[in-house]
Amino acid sequence: MVLKIEHVTKRFGNFTAVNDLSLSIPENEMFGFLGANGAGKTTTFRMILGLLEATEGKITWNDEKIDYSTSPYIGYLPEERGLYPKLKVSEQIVYLARLRKMNKVDALIELNYWLDRFKVPEYKEKRVEELSKGNQQKIQFIAAVIHKPKLLILDEPFSGLDPLNVEMLKDAVKELKAAGTSIVFSSHRMEHVEELCEHLCIMHHGSPVVHGSLREIKRSFGKKNLIVNADFDLTFLKEFPGVTKTKTTSEGVTLQIEGEHVAESILNKIAGKGFIRKFVLDEPSLNDIFIEKVGAEYE
Amino acid sequence: MNNFWVVLSHTYLSKIKTKQFIISTLITLALILVMANITNIIDFFQSDEDVKETVAVLDETNELSDTFKVTIGAINEDIEIISSTVSEDELKKDVLEGELDAYVLLQYDGNNLPKATYYSETLSNSSLSQNIEMALQQLKMSLAANQLQLTPDQLTLLNDPVEFEQVAIGDNVKSEEELNQARGLVYVLLFVIYFSVIMYATMIATEVATEKSSRVMEILISSVHPVAQMFAKIFGVALVGLTQLVIWLGGGYIALRQNMDEMTGGFFSFFGFGNTSISTIVYAVVFFLLGFLLYATMAAFLGSLVSRIEDVNQVIQPMIWLIVIGFMLAMTGLGTPDATYVTISSYIPVFTPMIMFMRVGLLELPIWEPVLGIAVLILTIIVLAIFGARVYKGGVLMYGNSSALKDIKKALQLTKNK
């Protein structure tokens, strides 16, 4: 159950939406797609789903082309709400499930399970337009997973949810992954990707700029974060060789440094100058990497 | 189950469950039942009121009024004749006050034959005066026959109506009477085709735009091929339309069957329902379905071009105009079904469903004409379906708005890139 994207390029006229993207997503994996708006994430998803055909390259799942015969095994949560506003929750979930080759009885059983799990059983006979945005998102999620897909594609699954609901959905995603579902998801929220994914890819203007496992990416990024809190003035560290970025906080500074050796020299330099409350060498956050790679215009 | 059927049955069931469908079907059904029972309803309101008309006769001959009364009674028993002796002024007053419907001044003319003057408030009730004139004519005939001393045989000879027969010499020509009947039926069916095609085509365009604007489309086309989806939708809505038609026609038929006795003649036969030509009904169904398919396909791909439901009306406007023009041509053509412009436009596919149907209903066309029209129509539907499917496939993934023509081009490009 491997999803392979090989040298895929998608052009719309003169505009290149995705440029030479190659990825491999093994079974039982959670794969994160990061990128600014217009970076090509949704286009990539649409190509995986077979909604759009790649201009060049190919996408295969278990070495087979993805088409309508594989669609019952694929679940998709689109970025924007994709539900009938006027239909009752039960009607449309059953309809969408039947389109994925599930029968009505099973679909209703699964629907009840998920509604109970998300603590909203009372919404079963309500029309979608009556629900709040967050609750619609839950229904959307149920629509994507009700037929127990082997490949689940989630485009911004956590947007518009309050923290409690984010946790609820995250737990569900983790559980599906543990049950063997391959999951591809995109997000603007770095911490979600950091928490959930082993592998990720950062897209920028259609090209993958960073790609690999989270740990490798962080290691190969090289730079580290150093947090120093002390009772004396630390601003002079800004000029210290090997320091690439400085952020002054109320209690001290957070520095981005080129490697562990820089931390050592800084410690030597400030030792004895006064009381040091905190001296922590930390892995770079995904956020740092993202900003570095994609550009500071995007947070 | 095949996804085509899932979409079809979903479209059908979700449409006939809507309040809008149920209400509009019931209201129209009620209207049909009222129309079918219209004579009963009119009778109901009239039964108690004075259907009898009262006419006073001022007989200056002093001998004709009794015979006149009998003659009138034979013609129309609802006319009550009272012999009057009061003055004309008095009678005039009674007429103006509504006590009398009219009065008649009966006299002898120079030949000692009856003549009369009819006075009433207005001359709008022509059937009353006609009845009286008829009675008077009979009276005069018998008096004149008496004067001429004719035998009853001679009288019968005189009274017998002339034999007059109309024969059309051309082949396959409908008699004037048949033509009038067919005209009524075609008129009604044209309306049905016109309204249903507009209604259901709009329904399809709105449905497609709803799915697009709510982005359900992305989920749908990831599991159903857009072309299969488009046709499933078209046939689903066609079934909704047929359901509605069956309810209406069935209700109307049952109501008419019950009122058959009262309905013979008058309004009923004017519209040609008395001896409905089966072939006209069959052609109506065929042209209704083909017209529906033609416009539904057009509506589906036009609907796929817009991103918001509000824009649907704008984009299907040109299509509605085509239907309206076709309808207008068919309506004006009812009077002159053999005019050249009617013949020509009946072969223009967008007009064929209405105009060719009108021609085939009114004229005795050689069979190749409607067949050729149907063939052209089917060919157009196929071409439009192929073109429409390509636009639809690209269109459903396209958001934002620009001009319709540009959108069609863009949608086709998107499909080609696939």
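This is a predicted model: local features need pLDDT of at least 70, side-chain atom pairs count only at pLDDT 80 or more; totals for chains, interfaces and linings use all residues.
1. Annotation. The UniProt record, an unreviewed entry, carries the annotation "domain: ABC transporter" over residues 3-230 of chain A. In the model, 34% of this span is helix and 31% is strand.

2. The contact between the chains. Chain A contributes 23 residues to the contact and chain B contributes 17 residues. On the side of chain A that touches chain B, helix α2 (residues 89-99) of chain A gives the most, with four residues. By residue type, that side of chain A consists of 14 nonpolar, four polar and five charged residues.

3. The open sheet of chain A. Four strands of chain A form an open sheet in the order β2-β1-β4-β5, with antiparallel pairing. The edges are taken by β2 (15-25) and β5 (64-65) of chain A; each has a single partner strand, so one side of each has no neighbour in the sheet. Strand β1 (residues 3-12) of chain A is joined to β2(A) by seven bridges, the two running antiparallel. Within this pair, A:Ile5 is opposite A:Leu23 of β2(A).

4. The helix on that sheet. Helix α1 (residues 41-49) of chain A packs on the sheet and touches β1, β2 and β4 (56-61) of chain A. The direction of helix α1 makes about 60° with that of β2(A).

5. Strand β8 of chain A. How many of the six residues of strand β8 (residues 182-187) of chain A are buried? Six of the six are, so the strand is largely enclosed by the rest of the structure. The burial applies to both faces of β8(A): A:Ser182, A:Val184 and A:Ser186 are buried on one side, and A:Ile183, A:Phe185 and A:Ser187 are buried on the other.

6. Partners of β8(A). Strand β3 (residues 30-35) of chain A runs parallel to β8(A) and is joined to it by five bridges. In this pairing A:Phe31 is opposite A:Val184. Strand β7 (residues 151-155) of chain A also pairs with β8(A) in the parallel sense, over five bridges. Here A:Leu151 is opposite A:Ser182.

7. Nonpolar cores. The largest nonpolar core has 142 residues, and those with the most contacts inside it are A:Ile153, B:Ile204, B:Ala296 and B:Ala299. Helix α13 (residues 278-303) of chain B gives the most to this core, with 15 residues. Apart from it there is another core of 20 residues, including B:Ala56, B:Val57, B:Leu91 and B:Ile132.

8. A:Ile153. Which residues does A:Ile153 touch, not counting those up to four places away in sequence? They are A:Phe45, A:Ile48, A:Leu49, A:Ile74, A:Gly75, A:Tyr76, A:Leu77 and A:Val184. One of these, A:Val184, is among the buried residues of β8(A).

9. B:Lys140. This residue is found in helix α6 (residues 126-148) of chain B. Why is B:Lys140 classed as partly exposed? There are 17 other C-beta atoms within 10 Å of B:Lys140, whereas a buried residue needs 20 or more and an exposed one has 12 or fewer. Leaving aside neighbours within four places in sequence, B:Lys140 is in contact with B:Leu113 and B:Pro114. B:Leu113 is 27 residues from B:Lys140 in sequence, with 6.2 Å between their C-alpha atoms.

Note on methods
Residues are numbered from 1 along each chain as its sequence is written. Chains are lettered from A and ligands numbered from 1 in the order in which they are written. Two residues are in contact if their C-beta atoms, placed from the backbone, lie within 7 Å. Ala, Val, Leu, Ile, Met, Phe, Trp, Tyr, Cys and Pro count as nonpolar, Asp, Glu, Lys and Arg as charged, and the others, Gly among them, as polar. UniProt positions are given in the numbering used here, feature names are shortened, and annotations may be inferred rather than shown by experiment. A nonpolar core is a set of buried Ala, Val, Leu, Ile, Met, Phe, Trp, Tyr and Cys residues joined through C-beta atoms within 7 Å. Two strands pair if DSSP finds at least two bridges between them. Axes are lines fitted to C-alpha atoms, for helices over the stretch in contact, and angles run from 0 to 180 degrees between N-to-C directions.
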